[in-house]
Every structure is written in structure tokens, then in C-alpha cells.
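Open the model in your viewer and keep the sequence panel beside it. The stops below say what to select next and what is there.

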Amino acid sequence: MSYRPHRGLQLPAHKQHSRDAAIVTVPVSEVLALPLNQQGASSSPTGEGASSRVARLSSQGEGAGEELQPVVQTGETVRLGQIIAQPTTPLGAYLHAPVSGTVLAIEPRATPQQTQQLVTTIVIVNDGSDTRDSTLQARLDWQTIAPLSLCEHLARGGIVGLGGAVFPTATKLAAHTQHPIEYLFLNGVECEPFITCDDRLMRERAESVLQGAQVLLHAAQAKHCIVAIEADKPEALAAMRAAAQQLADVRIEVRAVATAYPSGDEGQLIAQLLGREIPRGGLPAEIGVIVQNVATAYACAQWIHQGQPLISRIVTVTGPGVSRPANLEVRLGTSMSDLIQLCGGDEATASVDSLIMGGAMMGRSLTNDQLPIVKASNCLIIARHTELESAAVEMPCIRCGECATACPVNLLPQQLLAYARNDNRIALQELGLLDCIECGCCDYVCPSHITLAGRFHAAKSLQIA
């Protein structure tokens, strides 16, 4: 059965470019750059955390997006999987060497998520041997470990939300100490246009995804797991259902959800599948739910069963600017330019004028391709502005109400805009500004081409300061 969201948009999917491209492992680059801020301000409804909810945790003094502390020095030899930086707050995540080699430099560099400032970056020269860190455990008997200890182990693996939010998985799972968790949701909706990396992951590695789900169930002490997949992904649905049947874990159920944007937002998913609503200013754990992306579950399985920390991820490289769209398994720190060239970007550069990391609706526009793949890099779109419906000249609001009709969280964007322009923080709070998930639906339908979501993001930054 499909579950239809109350509101949302039917968007051109643009997934045909890459959805039939099987995952290919990319040759490892000679030099890799690892920013010590792998989080920044990225979020996506294809993931498991709306930016507003992450922002609320940040406002409580946790410091999301702060730089990690390096634990290696320039000139030091490192092994594959070795910890090279550690968090200083619960919202940070350990960073590991994606190759064995030598630390060439620790220096400020540009990063995809911090476009206005440089971020300390560890640069490693690959020695080509992939010599593994001897301290890594090949396999963990996770079923015999206490849930909090398992959370701590997942934290040591650098596991974060790979749907876009990049929220530390262990921190989210530990919510079971404060709230009883009834449901774990595995988010395989992938509703953003262009992105197909999760679709391919579920089709090709369904068993590992569900093995990760079992680990997450134990760590969160959840009773049930629902794997949510959009109905327009029949191959992924079939693969995950077959894997669930083979695993024979009665706690795990695969469900289809209606194809609409932004049905992958965690609040939308919970409302669709359980009829529950996250309280204003609250978190899913408060209503007994934890949401994790399917790629996050896969990363957990790799860490627990193979002893491989989060040193790589699957990235969709697509758009009219590449002749060979692909889903690539990539080591963190790889230059985006290498992936674009691998996908034939050099053959069509004359027609390219836009590079976006993430989806067409919530992705981040980048000024150049000399930037590294980070944990948040689920997709690169190389496109013409016309392909992405670039904004026309902004005109005055005509009070048509289309933005309110399209808003999936029942806000009043027109009124929020007026109060944001006047910096009326009290009114913004009363109208639920922090509940905005920045999905861009209001932008998409606005006949005056007003960049509402961008203004709301800026207003939220002031609201929580």
C-alpha cells in the first residue's frame, strides 16, 4: 500500500539519467583532502534530519558544524581507517584516513559546505597500498554489547546521516535513554530530483542495508523497523522485500510511500506512516521514532561486520553537463573535478554553467569543482541553469497564497516573509519559523520568483543566535 502525503509537489524527477547506472568503485586519487568540518549547514529531505531540528540542538550549546580536532601532524604516516581527527562536541563525528599514506599538509582550504570561509583540511598523499590500521576490529559481536556501548562504537566509526543532514548517528540513537523508541525508520525515499545513489544501493546491496538496520534497532532499543521507499522505485522495493524475507526478522517491514516531494522529510514520513506529528520545537524521538537514511544503515553494517569506518560513500554524478551519468563509490577527500571528468564532463563543458552538491531543490550551488567529496556529498549535478529552473527577476508578492498551499508543514510563508523583512523575531517564533524544513516548495510555486526558503534560512540563523 502507498501512503499519500497531505501536501507536496510532483516534480520532474530527472532520475532517468543515472538510475540504471550500477554502482562503480572509483580509482583512488593520489591526493585526498579531508576538511575538519564535514557538516556545515547542509540538509536534505532525502536524509533523516531537517535543518531546523539540527539547528535547535546547536542552539542548546552543542556546536554543530564546529571543526574537528586533528590528531595527526604534517609529515606523519597514516594507515587506512586510522582516526585523523576527533570531535569536541556530541554533534561532531570522528574522521578517518581514507587511504594509507603521508600527511602532506594541515591547512585552510575551501570546502563544499563553507563557501564564505576556509576550513582546516588534512591533505593526505596516497601511497597506493591501502595498508589497514591494525587497531581496526574485523568484526564486532554487536548483539552482546549494551546499547549505549554500541552507540559509542558507532561514533568511533565516524558514522553520520548520509542523506544530507550529516547528523552523528550515535547521538541520535542515544535518544533512547530519554525517550522509549518504538520505531526505527530507514529512509529510502530519495524524493529529490536527480539523486539515485540510495536507489542503486538498495537494489544492489539490500542485504547489507538490512544488516545495518538490525544494528540500529539494537542500538536504539527500537521494537520495529519500517523501510520507506517511494513507489516509483519498484526495483528497490523488490530487492529490499526479498532481502527482508531472506533475513526473516519479523521486526523489519518494507513499505511504499507515494511519489511526492518532500515525502522524504522525517516529519512527513512519520505523519504518513504512523499518523503522528513531531511537536513544535521537538524531535522525532519524543514520539517514539528515530529516522536513519538507508546509506547510514549500510555504513553501520560496513563498520560492524567489516571493520571499515566511514571512509567512502556513493555519489550520484549526473545532469546535462556529463555524458556518462553514474553512481560512484568514492573515497572521502576525492576531488569533485576527478568525478566530473570520469563521467565525461570534459566533453560538454561549453554547455555547463551550474554545479550543485545535493538535489535540485535543496542542494548547494558551488563556485568551482576543485572541492573535495565529503560525507554530505550524495549527488553532484552538472547542469545548465535552465535545467534547474533558475530564478527569474524577483517581483513583489501578489498574495496569491500558492506558497501556503504548497507548504508540506502547514506554515504561512507569505506572512513569515513579511515578518522576516522586518526582523520581527517574536512573530516569526509564533508562526513556527523553526518548523520550516527549507524544502523549497514555496520557492518553486511562487509566481513572483521570491527566494523564500533562503530568507527563512537566514532568519532562522538569527532566531537561534
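What percentage of the 465 residues of the protein count as buried? In this predicted model, 59% of them do.

**The whole chain**

Start with everything shown as a cartoon. The protein has 14 helices and 18 strands. Switch to a surface view next: the accessible surface comes to about 18500 Å², and 49% of that area belongs to carbon and sulfur atoms. Among contacts between residues at least 6 apart in sequence, 76% join residues at least 24 apart.

**The nonpolar cores**

Select Ile84, Leu186, Val227, Met240, Val317 and Leu380. These residues belong to the largest nonpolar core, which has 97 residues, and they touch the most other members of it. Now colour residues 206-220, which form helix 5; this helix gives the most to the core, with 9 residues. A separate core of 23 residues lies apart from this one, and Ala228, Val257, Val289 and Val291 are among its members. As a general point, nonpolar side chains in soluble globular proteins tend to be buried together.

**Helix 4 against helix 6**

Select residues 197-204 for helix 4 and residues 234-247 for helix 6. Two packed helices are described by the angle between their axes and the distance between the axes. Here the axes come within 7 Å and cross at roughly 35°, and the crossing is left-handed. Which residues meet at this contact? From helix 4 they are Asp199, Met202 and Arg203, and from helix 6 they are Glu235, Ala236, Ala239 and Met240. By class, the contact has 4 nonpolar residues, 3 charged ones and no polar ones. Met240 has already come up in this tour, as one of the residues that touch the most other members of the largest nonpolar core.

**Thr196**

Is Thr196 buried or exposed? Thr196 has a relative accessible area of 1%, which is under the 20% cut-off, so it counts as buried. Not counting residues up to four places away in sequence, Thr196 touches Lys15, Ser18, Arg19, Glu190, Thr316 and Asn327. Select Ala326 as well: Thr196 and Ala326 are 130 residues apart in sequence, while their C-alpha atoms are 9.0 Å apart in space.

**Two positive phi values**

Select Gln221, in the loop between helix 5 and strand 11 (224-230). The phi of Gln221 is near 55°, a positive value in a residue other than glycine. Gln221 is partly exposed, with a relative accessible area of 42%.

Then go to Glu438, in the loop between helix 12 (425-430) and helix 13 (441-445). The phi of Glu438 is also positive, near 55°. Glu438 is buried, with a relative accessible area of 14%.

Select Tyr261 and Pro262. The peptide bond that joins them is cis, with omega about 5°. Pro262 sits in the loop between strand 12 (252-257) and helix 7. Move on to Glu266, in helix 7 (residues 266-274). Glu266 is buried, at 4% relative accessible area. Asn293 is 27 residues from Glu266 in sequence and 9.9 Å from it in space, C-alpha to C-alpha.

**Asp130**

Select Asp130, in the loop between strand 9 (114-126) and helix 2 (147-156). Asp130 is partly exposed, with a relative accessible area of 31%. Leaving out residues up to four places away in sequence, Asp130 touches Leu80, Pro98, Val99, Ser100 and Arg331. Asp130 and Leu80 are 50 residues apart in sequence, and their C-alpha atoms are 5.7 Å apart.

**Leu417**

End at Leu417, in helix 11 (residues 413-421). Leu417 is buried, with a relative accessible area of 3%. What does Leu417 touch, not counting residues up to four places away in sequence? Show Ile450, Leu452, Arg455 and Phe456, which are its contacts. Ala459 is 42 residues from Leu417 along the chain, and 9.4 Å separates their C-alpha atoms.

Methods. Residues are numbered from 1 along each chain as its sequence is written. This is a predicted model: local features need pLDDT of at least 70, side-chain atom pairs count only at pLDDT 80 or more; totals for chains, interfaces and linings use all residues. Side-chain values use heavy atoms; hydrogens and water are left out. Helices (H or I, at least four residues) and strands (E, at least two) are DSSP runs, numbered from the N terminus. Buried means under 20% relative accessible area, exposed over 50%, partly exposed in between (1.4 Å probe, protein chains only). Contact means heavy atoms within 4.5 Å. Accessible areas come from the Shrake-Rupley method with a 1.4 Å probe; for residues, only the protein chains shown count as cover. Axes are lines fitted to C-alpha atoms, for helices over the stretch in contact, and angles run from 0 to 180 degrees between N-to-C directions. A crossing is left-handed if the near helix is turned anticlockwise from the far one by less than a right angle, and right-handed if clockwise. Ala, Val, Leu, Ile, Met, Phe, Trp, Tyr, Cys and Pro count as nonpolar, Asp, Glu, Lys and Arg as charged, and the others, Gly among them, as polar. A nonpolar core is a set of buried Ala, Val, Leu, Ile, Met, Phe, Trp, Tyr and Cys residues joined through side-chain atoms within 4.5 Å.
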